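Student: I am new to this structure and would like a close look at a single part of it. Could you take me through the open space in the protein, and then show me what lies around it?

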Amino acid sequence: THAEMATIPLGFNIDAPRWDQSTFLGRLKHFLNVTDPRTVLVPEQELDRAKALVESCRAGLVPPGSSQEQLLYAKKLYDSAFHPDSGEKMNLIGRMSFQVPGGMALTGFMLQFYRTVPAVVFWQWVNQSFNAIVNYTNRNAASPISLRQIGVAYVTATGTALATAVGLNLYTKRAPPLLARWVPFAAVAAANCVNIPMMRQQEIINGVTVTDEDNNELGCSRRAAVKGITQVVVSRITMAAPGMIILPIIMERLEKFPFMQRIRVLHGPLQMLLCGGFLLFMVPAACALFPQRCSLALANLEPELRDSIVAKHGDKVPYVYFNKGL
């Protein structure tokens with residue numbers, strides 16, 4: 001038993017980050033762990049067991065014979081499949097760990113079928129449906145959103161993506177071929193700027209809960225919500241950018257080679273595999289751009305909230321903190 005006791009350090013906190021979340025590298029390691037696409041293949045029962053293990057660990061009851069490795073793996077599965085605010089199991093498609101396989105297929109199709117308007121319309125619509133599920137799944141659960149608001153957000157984002165894609169598609173008919181290949185990225189970027197704020201409009205209308213450094217609630221801030229959502233939009237566009245900007249240049253070059261012209265059938269699968277390569281690194285890197293626990297200087301808060309914090313705490317709270325969502 002002494003050996004078992006030694007495997008788990010005294011005061012082991014399963015919720016404490018394994019890597020320093022104030023540095024980009026620490027956050028990158030954290031998200032490489034959480035967005036690992038292999039966790040998508042883990043059976044439901046194993047996910048439920050991982051949740052039970054994490055919850056018993058939080059209650060201070062570590063099952064005898066558990067090693068630290070087992071606990072950390074259970075936490076990895078828990079983080080990949082359960083919502084951080086509500087603890088509910090997230091649908092498979094909406095999980096960040098599904099971003100690589102899901103995004104790889106969709107980006108591959110959008111980059112392959114960009115020449116005709118019907119193909120552009122169809123794949124942009126499928127992609128926005130996927131995005132809507134991801135944004136809804138990863139919302140800040142403290143701000144509930146009605147089905148009507150979800151519907152409006154979905155229709156608006158899809159409309160923006162289609163208008164951008166079809167408009168640019170017609171506009172680039174006479175442009176160099178490479179420009180036409182970049183149309184899907186422009187459409188995805190434009191839609192992200194609409195989809196995420198619309199999906200999370202409750203946070204912009206009512207504000208998000210802000211806390212001091214020790215997690216004591218201080219009130220709700222709309223400016224904090226805007227900052228968090230802006231960072232998420234930048235992250236999502238960054239996630240898509242390398243694959244959708246660099247890959248068309250690579251394909252444009254490759255397709256000039258005679259051997260590539262002979263294997264046209266394989267262009268789509270090849271493009272998809274290359275997309276997967278970009279996304280494997282870009283999903284965690286884009287999530288790691290900004291700290292998950294976002295901060296805002298007191299001076300930048302709404303005047304009434306700032307005054308109430310100063311009245312209560314004086315100058316003890318220079319910054320407020322909140323969860324920005326993913």
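Tutor: Let us begin with the largest pocket, which holds about 1,300 Å³ of space in what is a predicted model. Its lining is made up of 40 residues, and those that lie nearest the centre of the pocket are P84, D85, Q292, R293 and N323. If you look for the elements that give two or more residues to this lining, you will find the helices α2 (24–34) and α4 (68–81), together with the strands β1 (208–211) and β4 (319–323). Of the elements, α4 gives the most, with 6 residues in the lining of the largest pocket. Sorted by class, the lining has 17 nonpolar residues, 14 polar ones and 9 charged ones. The pocket also draws on two domains, since at least three of its lining residues come from domain 1 (24–82) and at least three from domain 2, which covers 94–208 and 222–290.

The largest cavity contains about 260 Å³ of space, and 19 residues line it, with Q99, T107, N127, N131 and A240 lying nearest its centre. Two or more lining residues come from each of the helices α5 (99–112), α6 (117–137), α9 (183–199), α11 (222–254) and α13 (267–287). By class, the lining of this cavity has 11 nonpolar residues, 7 polar residues and 1 charged residue.

In an unreviewed entry, UniProt lists residues 233–251 and 272–291 under "transmembrane region". In the model, residues 233–251 are 100% helix and 0% strand, with end C-alpha atoms 27 Å apart. Residues 272–291 are 80% helix and 0% strand, and the C-alpha atoms at the ends of that span lie 30 Å apart.

Technical notes: Residues are numbered from 1 along each chain as its sequence is written. This is a predicted model: local features need pLDDT of at least 70, side-chain atom pairs count only at pLDDT 80 or more; totals for chains, interfaces and linings use all residues. Side-chain values use heavy atoms; hydrogens and water are left out. On a 1 Å grid over the protein atoms alone, a cavity is a set of points where a 1.4 Å probe fits but cannot get out, and a pocket is an open set with protein on both sides within 12 Å along at least five of seven lines; lining residues have an atom within 4 Å of a point. Grid points are joined across faces, edges and corners, and a volume is the space filled by probe spheres set on the points. Helices (H or I, at least four residues) and strands (E, at least two) are DSSP runs, numbered from the N terminus. Ala, Val, Leu, Ile, Met, Phe, Trp, Tyr, Cys and Pro count as nonpolar, Asp, Glu, Lys and Arg as charged, and the others, Gly among them, as polar. Domain bounds come from an automatic or database domain assignment. UniProt positions are given in the numbering used here, feature names are shortened, and annotations may be inferred rather than shown by experiment.
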